[in-house]
Structure formats: C-alpha cells, structure tokens
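Reader: Please take me through the terms applied to this model and the values behind each of them.

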Amino acid sequence: MTSTRPRRRRGDLVRAAGAVVLVAALVIGLPAGLLKIGADPRRLVPERWPRLDELGPWLERTWHAARFAWADGTLLPGLLLVVLWVTWLFLLGLLLVETVDQLRHGIRTMRTGVGPRRWIAGLIAAILITLLPQSALALPATGSTPVATALHDPDRAEATKASSGKGFTMEGGLARRRMVDAAVRPECPRITVEPGDTMTSLASIHLGDPGRYREIHRLNADRIPRAELLYPGDVLLLPPPAQTQPGHGTTAVTVKAGETASSIAQREYGHPSDWRRLWQDNHHRPQPDGQSWTDPDQLRPGWRLWITPPAAQPTDPPPPAPPPASPSPPATTATPARPGPTTAPPTTSPGQPERGTSAEPVVQLPSGAIIGIGFAVSIAIAATTVRLRRRHRRRLTGTLQPPTPPPAMPSTVTLLERAARPHDPEPVPRRHWPPPPAVLTTHTDTAETRTLDLADTAGLALTGAGAPAAARATVTAILATDTRYPPELLLAGTSATACLPSLASADQPGVRCCTDLAPALEALEAEVARRTRLHAEAELDTHIHTLGANQAEDGRSDPDEALPTLVFLAAPEAASTTRLRTVLELGRHLGVVGLLLGPWPSGLEVAEDGVITATSGEHTATMVGTRTETLTDTEAAELLSVILAARGGTDHATDSTPEPLPAAPTKIAAVEAANTRTRPAPVRLQVFGPPRITVLGKEITHGVRSLGREVLAYLATHPSGTGVAILQDQLLPEAGSDTGRAQIHTAVSNIRTALRKATGIAEAQFVHSRGGRYRLDSDLIAVDAHELAAAIAQARDATSEQDQHRALRRVLDLARPGPPLEEVGYLWAEEIRESLRQQAADALLRLATLARAHKPETAADVLSVAITLDPYAELVYQQLIQLHVDTGHRSAAIAVYRKLKARLADIDTEPTPETEELLQRKTPSSAT
C-alpha cells in the first residue's frame, strides 16, 4: 500500500499530542497506579509452577486459598486486580500489534468494526502521521533506509495511474521500465527485480553496502523516478563494480527437501558448526520465491545459498625457533592429526567469537561470585569420586562399635553439590573422552552463557583487578572436567603461584610449579615437542598400516598416547614473549592452552566484580559487558582440594581420623522404638534398597506420591522427628518458604490418607505433628533401620557368641535388599546412607568371622551381602578372597578379584598389593 502524506497541520499536532498522552496513560499510568496501591503482579502468580505429579496438591492448595480469601473479604479485590492487569496486558499487546502493522502496511486512521482495536488504530495513526517522514508513511517499514519493496501486481498499480488521467500508457510505462537498450551504458551490469527486492537490499547484495542504493537510483532515475517504488520485472542498471553472480571462488547450491543449515555446512565446509558462516553470507539475500532467510532453523527447498571460500590467511614470517638447549617442535604451518584423544582443533572461522552460546543457570557463592551450573556439576562429580575413594580406604573393624563419621565436605563444595543435584541427580564419574574444549565461561544479565575457546587465541591475557579471580575460576573449571585422562596444570612464576597459593607447595598429581618462567618455558617446549612427535608417529602409522576406525579408537585408549589438556598459567615477560608465543601457537592444536596474567595480543580486562570491560584480539569482541566466573582464594582452595583428591592426590580431610561418636539421640530413639513395640506394626518402611512401604505384607505402589515417600524416608532415618522448616530445606531446597511448607503439609496429608485407606484405620495419624515437628508413630510404622540398630545393640550386649550370632542374623536379613536409601538423591541422605552402610558392614564382617570356622558357605554369603552394601570396600573383598582361597575355591577368589578391579576402575584406582598377595597364597591343604 502506498499513499501520499498530507501536509502537516496544527490539528495533526494537537491530535498527536492527545494520542501520546492517552497512550502514556495506558502504558505507564495504569500499571504505575496499580503498583502505587500495592497491587504487585508478582503476588498474583505462584512462586513456583507445579510439576505434573504436583498438580493435584497444587489445585487443592489453590482452592483452599480461595476459600480463605472469600472468608476474609480479599477474594473480590484480588480478582479485580487480576482483571485490571490482564486488561492492561491485552491493550499493551494491541498497541504493539497495531504499531507494527501500520509501520509495515501503511497508516490506517480508521478500522472497520467496533472495539478497542478501532480507537487504538486512530491513536497510533495520529502519532505516526506527525512523527514519521513521508517515505515511512508511504511504504512498509524495512530494517534500513526506507525503500519500497517491489509490488506483486504492477499492472494493477500502473492501470490505476492511467485511470487517473496522467496519460500513462503501457508502452511508456512498464515496457520502458523493463527494457534497457544494450547500447546504453554497456559497462553496467543488468539485473531484474524479483518480488521482495528493494534498492537497499540490491545494493547490499551486489555492492556490499546498503547505503549505495542512491548510486543505483541515479543510474535508473530516467526510467524509474521513484526509488521507493519497484515492480517485479523492472530492469536495473548497476554501477560497474557490482556483482550479479557469486564472486570468484563462490558457488551457489540449491536447498533440497530435508536439508538444514548444519547439514549443508557439514557437506560444504566440513563441520556442522560452520552453519553460522552460511547464515552470515546468506541471511540477507532475497530468494527466488520473494522471501528471505530470517530464521536459521527454517530453510525452504528451492532457495539458493552462496558458499564462500575461506578467507585467505596472511602469510607471516615463521617465528624464531626456541634456543637449542631445550627441545622444540618443528615449526610447521599445518599440524597433523593428533594420535591420541584430545580436544579437537577450533572449527570456527576467523572473526567468529565462540562456538556458540547457550542458556545456563548460575550459582552465586557467598563471596558474590557466580559460576555456571556445568561447573557445579563437575564439582559434584569430583565430590562423589572423593566419597567413593574414602569408602575404598575405610577400615572396617567388625567390632560393632558406633560408626566413625565421614569427613565433611568443604562448604563451597556442599553449596555447589546442592545446586547441581536438580540438573544431575546422580553425579557419578563418567570419564568422557576426548575431552571438551578448554574454555573461559562468561554470563550475561539475560542468563545467556558464552564460552571462549582458549585454543582459538594461542594464549589469552587476563588483566585488571578481577584477573586473578577469573584465572582461578577458569583453571579450576578446566581441572574439574570429568575426563578419562585429567587435565594438567603448569604454574610458572610468582604471579601464577600467588594466584593459586594452595597449589604452590603441594605435590599433587597433574600439577607442576616452577618458580621462574624460564624453566617452565623449557618444560612447556619439551611437552609440545613430545606431542608433536606423537602426532608424526601416528600419521606415519596411519599411512603404513592404514588403520581403520576401530583401530584408531583403540589407539585413543592407550595411556601412552593420551594427550590431556595442559593449562599453562604465567605472567608474560618481554624477553621471552616471542618464544612463548611460538610455543603456544604450536601447542594450541595439541591440547596446550595458555592463560597469561599480563599484556598479550588477545586479552580480556576484568573488573573486580568479574565484568569484562574491554577486549583485544580476535574472538573476544562479544565478551564485553558479560560477567566471567570468579573464585576467591579460599573458594578455589576448597574446590581444588576435592578435585585433586578425586584424582588420587592427598585427601587432607582424612589426615586426622575422627573418633567414633557415641550413640546419637536419634539412634537411641530408634532402638527404643524397636524394643518397646508390643505388637506388630501394620505399616513397614524399608530403607535398605529402594525405599518401600508395605501394609500387612503387601507393598503400596500407588497412592503415596514421590514427595510423600521422601518425607517418610527422612522421618524414618530421624526417629526423634524434625521440624517442617528443616524438611523443606532438605527436600525442597529450591522452593520458596511458603510454597515449600505448603508442599510438605500436602505430602503429610497424602501419607495419612493413603495409609488410612490401605490399613483401614480411619482415625490413625501415622505421622504425628506436635510443637511444629513431624515424627513417625512408632506403634503403627516399623522401620528396618530401627530394627537394625536394635539388633546391633543386642549383639553388642550379648554374653555369648551364640546369642551374638543370632542377633547378627537379623542384621543380615535386614541388609540383604541392598544399599540404604538406594534411590534417594538428595544430599541429606548421604550422611545417613554412609552411617547405615558402615553399621551394617561392620556387623556383617563380625557375623562372617563367627561363621567362618563352622559354616564357610554362610560366611561367603554374608560377605557377598556386605559387598552389595559397599562395592568399594576393599577390606570386604579381601575377606572373601581369603575365604575362597582357604576353602580351595581359587577360581571363585579370582572372580571376586576381577569384580573388585572393575569396580575400582570407576574411581581410577587399583587393588592394593595386599589383595594381590592373597591370590598368591596357597590353600591350607596344599601347604601341608
């Protein structure tokens, strides 16, 4: 639609001013007034939307809340506020839709029909008539200088002109626009206008600058006087430098059905991540159907895309070779493929800042720093590995004494574990390979996560007040990566050791410290030379033996060929800048990355709060304004202590073994509950193995919701009871206070309803609520953990081995279903799980000792159950191997040893020499 703008009059200005006042009153005045009277819209929506399994309780709570609101007279005012906010959102949406519609399709001062859309159209039209220039009024809006899109029905438009009496004829109109004599400006290329073309878009495509549309207009003004009015079929002359076809080396491909940008990039560029390059070259180009590519995920069959060649790399003189004293890799322009698994070389094209962005929640630490949830998950996996290693080293006594409490995790680790559990309920070691890229991670205010691959920069400098904290977080995140071969760290100089003081004097696996830059640089050159040699050998093997895919994969698993990520942290020195730059450039395709605390060609300036205020070099431009992850000295020390302990380094938390604790009040309450019950309880809770609920011997699989089962498991392991605030904090840590309490109350109500229905006891409470605390009714609910504590206490007090054996047989029956709280993933269960596991394993070890002499098959069964309880406790395996060897079952002993070895491989360790020596022992019969 085109129109001629009327002359601006005083009435137009008055109407526009009135329209602005009305629109401002609607858009700003109404919500401001509602907020002034306390009608905050956040109070009208729930703090947390329910999951599918919580929908029923949520609707029930909402109904009760509505009843209470009706009773106290707040329901109607609340509904009125809801109506007002919804009306405001509706009118705001109409304003936005009408504004976009009139900018795209022309101003409409009046719409047909009645309703708010009619008078909103008048308001928007009054404002646009006054504010917009003539070209904007006459034509649809574009993203550039207003130039009309080619119309789809030019004959009708020109016929309208002819009927207006202006003497228009086909010969003098369309024919003149669509034909240019070959003798006229033969040096100028010709193009034909397609539907959707504008002079701006044509200038962008063929001249490389949308602002040059004026040159096109000047060349064609005698035939096409109005630049904003183009028709399909018009022939345009272009300035001589214009390109009507793809440039030299550029090809065009036609999109086929089922193809995507990633698949085309894989085929044409060799990597699917290069779809951004395809998008950058083609998203502005009009397609044959008159449309253009506006969404990277939507390609239409028949569209033609340009495939541009890679940008020519400047030829730089080769860098100077390192001094002869240290071995250095040959300076080559192309590095062969790495023989072992490692980070793949960067695939982004020059000038592309990062491989991609994603949305990722962040965790805020007590210091105010933030880190991503992926970092938190890596720490949670490391903490799990440390716990498994501690269980492997734990010395079970078999003396029936109270268990030794496990060392507590550092507070920062516990915080990150809690944050990671909703995203990874089972943070177990997975040992990924090849490793992911070593990246620096930043976050935006819109929850967008950006990563910068350190291999792209051949050394990244961090400067500013926040540089040490950012370096600590980046190094810690890389070291925490869960890979088959852990990343390594080389610290050089006092600046680096001051940045990570906890590693300066520690002898930890994969960490090396050098007091000066010179020896560190020699070590780095030697490592790059070694990796380069492995590359060359692997390439030679490939040509000689023609290794297949399976053979290459086998080579990756060879520890001698593994090339883990190596992080070099140092402060650059002017005297060795060229040397350092050379080795980092050669090593960036070999898994070697550098973080530098000082000036460097590529760098980030980090403020004290972690915000990046300036950048330099390639690949860093989009990092400005984002906030990088940071850590304080204390936080980094706590995290690194767990990371290195997970690798087999020193576990400082176990250096001083705590004394066994006396029986806690909860354990005493459990024993008393099991011993004072006068008749069998109708309900039984099983916490060994997956938590189960049985009523009169029949398991309840329906009726009790998942949160109700969690509440029962928590109360079963806390016999003296607990408060609702603690329950909410342990089971629903991410829920708001009011929401969490309401969910706990609903879960308890669900438990009572389900158990009343199952037992037929209509008036029973099952869960007592007194003084703000919940506690299980021990007369109605029996718990296997309470019975286990009572059986162990009875065995401890027994006066004869026969009585002790009888009591411990009860422990065997209770522990047989499996590890305690097997399917409960919350952190609260960890300490309880370890306590129950240690109690049961000690008791079973004592039972096996009693049964060994007279019933070795019973002892073997007992030890097998103990291994099921704790498959990482090597001491139990040793007892079973020794039993099989002593009874002449050497093949069974070897099978147990293999099982232990496979289990310990999960935590990257091996059986001790003592265990191997047991296999070499001779049986008593052969010894005689």
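Author: A crossing is left-handed if the near helix is turned anticlockwise from the far one by less than a right angle, and right-handed if clockwise. The crossing of H25 and H26 is left-handed. The model is predicted, so local features need pLDDT of at least 70, side-chain atom pairs count only at pLDDT 80 or more, and totals for chains, interfaces and linings use all residues. Residues are numbered from 1 along each chain as its sequence is written, and side-chain values use heavy atoms, with hydrogens and water left out.

Reader: Why is H25 called roughly antiparallel to H26?

Author: Helix H25 (residues 784-797) and helix H26 (residues 801-815) pack at an angle of about 160 degrees, and their axes are 8 Å apart. Axes are lines fitted to C-alpha atoms, for helices over the stretch in contact, and angles run from 0 to 180 degrees between N-to-C directions. Angles under 35 degrees count as roughly parallel, over 145 as roughly antiparallel, 65 to 115 as roughly perpendicular and the rest as oblique. H25 is therefore roughly antiparallel to H26.

Reader: Which residues of H25 and H26 meet, and how are they classed?

Author: Contact means heavy atoms within 4.5 Å. Among the residues of H25 that meet H26 are Leu788, Ala791 and Ile792, and their counterparts in H26 include Ala807, Leu808 and Val811. The classes are nonpolar (Ala, Val, Leu, Ile, Met, Phe, Trp, Tyr, Cys and Pro), charged (Asp, Glu, Lys and Arg) and polar (the others, Gly among them). By class, this contact has eight nonpolar, two polar and three charged residues.

Reader: What makes H30 and H31 roughly antiparallel?

Author: Helix H30 (residues 890-904) packs against helix H31 (residues 913-920) at about 160 degrees, with axes 10 Å apart. The two are therefore roughly antiparallel to each other. H30 passes H31 in a left-handed crossing.

Reader: Why do E21 and E22 count as edge strands?

Author: Two strands pair if DSSP finds at least two bridges between them. E21 and strand E23 (residues 773-776) have two bridges in the antiparallel sense; Gly723 has Arg773 in E23 as its bridge partner. The open sheet of three strands has the order E21-E23-E22. Strands E21 (722-723) and E22 (767-770) each have a single partner strand, so one side of each is left without a neighbour in the sheet.

Reader: How much of the protein chain is buried?

Author: Buried means under 20% relative accessible area, exposed over 50%, partly exposed in between (1.4 Å probe, protein chains only). Buried residues make up 45% of the 928 residues.

Conventions. Helices (H or I, at least four residues) and strands (E, at least two) are DSSP runs, numbered from the N terminus.
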